[in-house]
Amino acid sequence: MSTQVQMTRVTTAKIRDMKKKGEKITMLTAYDYPTAIAMDSVGVDIFLVGDSLGMVVLGYDSTLPVTMEDMLHHTKAVARGTQQAMVIGDMPFMSYQISPEEGVRNAGRFLQEAGAQAVKLEGGREVAEVTRHIAAAGIPVMAHIGLTPQSVHQLGGYKVQGKGDKAGQRLLEDAKILEESGAFAIVLECVPKSLAREITASLQIPTIGIGAGVDCDGQVLVTHDMLGLYERFTPKFVKKYAKMNDHIREAVKTYCDEVRSGAFPDDAHSFL
Ligand code: KIV
């Protein structure tokens, strides 16, 4: 008899149910096959193939140069390494802003070609229409408000959003509009903790916070930030759970030393 454990994929219904039960939702970014396998084995609920890959994997200064082809390439790799987590493809700059039709077509590519189960897109009321069209096509949509990095030039930098009564009220309204438009969950990035708490309490759909305090229904971090793989800039909200670059440097230096001294390869790593 087989003893293989049957993995069940995390679904939008499960995510909604977790909010109802008060169970926190875990989400991390993923960009490649081996990391997806490792992270899936410990039960992360959601993998976001974030357009943050433009900065932390491809070395750009912002997420703006990232293309649909970049996103599909990485989403395919993550999907191949994932059995349990919900895989969400992040819609890159200019893939949904031009028209709802283009938005639906590009969102569909994440499911049809790359094996994702949902998409995420940035923006408030201005993306309500495209959100509605994508959701109506049967594609689950995660919304994203607050600091929306694709609008960095309009926002004037990577800053906390929704400070003050007027800006906070506008974000709360945006969240409600996106819920009504069919989003199944919403990322709140870089907003004051008290505002995130109010938005979370006002919505039926779960909120996933990044720099938004502990009262969101779940949390997300960029994996390369929390593992210590991206050292160019570390936002205040990032907790480093590992210093992976230190391990890489140490291992690679030892390898180079051993090759230079002739200690590697020894007989255990040779065909005798
Ligand atoms: O691209 C990304 O990684 C994101 C998260 C920071 C939410 O959008």
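Helices (H or I, at least four residues) and strands (E, at least two) are DSSP runs, numbered from the N terminus. The views below show a predicted model, in which local features need pLDDT of at least 70 and side-chain atom pairs count only at pLDDT 80 or more, while totals for chains, interfaces and linings use all residues. Residues are numbered from 1 along each chain as its sequence is written, and side-chain values use heavy atoms, with hydrogens and water left out.

**View 1. M94 in the loop between β3 and α5.** M94 is placed in the loop that lies between β3 (86–90) and α5. Although M94 is not a glycine, its phi is positive, at about 75°. Most residues other than glycine have a negative phi.

**View 2. The packing of α4 and α5.** Helix α4 (residues 68–80) and α5 cross at roughly 20°, and their axes come within 10 Å; here axes are lines fitted to C-alpha atoms, for helices over the stretch in contact, and angles run from 0 to 180 degrees between N-to-C directions. The two helices α4 and α5 are therefore roughly parallel to each other, given that angles under 35 degrees count as roughly parallel, over 145 as roughly antiparallel, 65 to 115 as roughly perpendicular and the rest as oblique. Their crossing is right-handed, a term used if the near helix is turned clockwise from the far one by less than a right angle, whereas anticlockwise gives a left-handed crossing. On the α4 side M68, E69, M71, L72 and T75 meet N106, R109 and F110 of α5, where contact means heavy atoms within 4.5 Å. The residues of this contact of α4 with α5 divide into 4 nonpolar, 2 polar and 2 charged (Ala, Val, Leu, Ile, Met, Phe, Trp, Tyr, Cys and Pro count as nonpolar, Asp, Glu, Lys and Arg as charged, and the others, Gly among them, as polar).

**View 3. The packing of α5 and α6.** Helix α5 (residues 100–112) packs with helix α6 (residues 128–136) at an angle of about 45°, and their axes are 9 Å apart. That angle makes α5 oblique to α6, and the crossing of α5 and α6 is right-handed. From α5 the contact takes in P100, G103, V104 and A107, and from α6 it takes in E129, V130, H133 and I134. By class, the contact of α5 with α6 has 5 nonpolar, 2 polar and 1 charged residues.

**View 4. The packing of α8 and α9.** The axes of helix α8 (residues 165–180) and helix α9 (residues 193–202) are 10 Å apart, and the two helices pack at an angle of about 30°. That makes α8 roughly parallel to α9, with a right-handed crossing of α8 and α9. The contact is formed by G168, L171, L172, A175, K176 and E179 of α8 together with L195, E198, I199 and S202 of α9.

View 5. Around the ligand are T29, L48, G50, D51, S52, D90, K120, H144, I210 and V222, each with a heavy atom within 4 Å of it. Oxygen atoms of the ligand are 3.0 Å from a side-chain N or O atom of D51, 2.5 Å from one of S52 and 3.1 Å from one of D90.

**View 6. The cis peptide bond at P265.** P265 lies in the segment after α11 (244–261), and the peptide bond from F264 to P265 is cis, with omega near 0°.

How values were computed: Polar contact = N/O pair within 3.5 Å; in protein donor to acceptor, adjacent residues only side chain to side chain.
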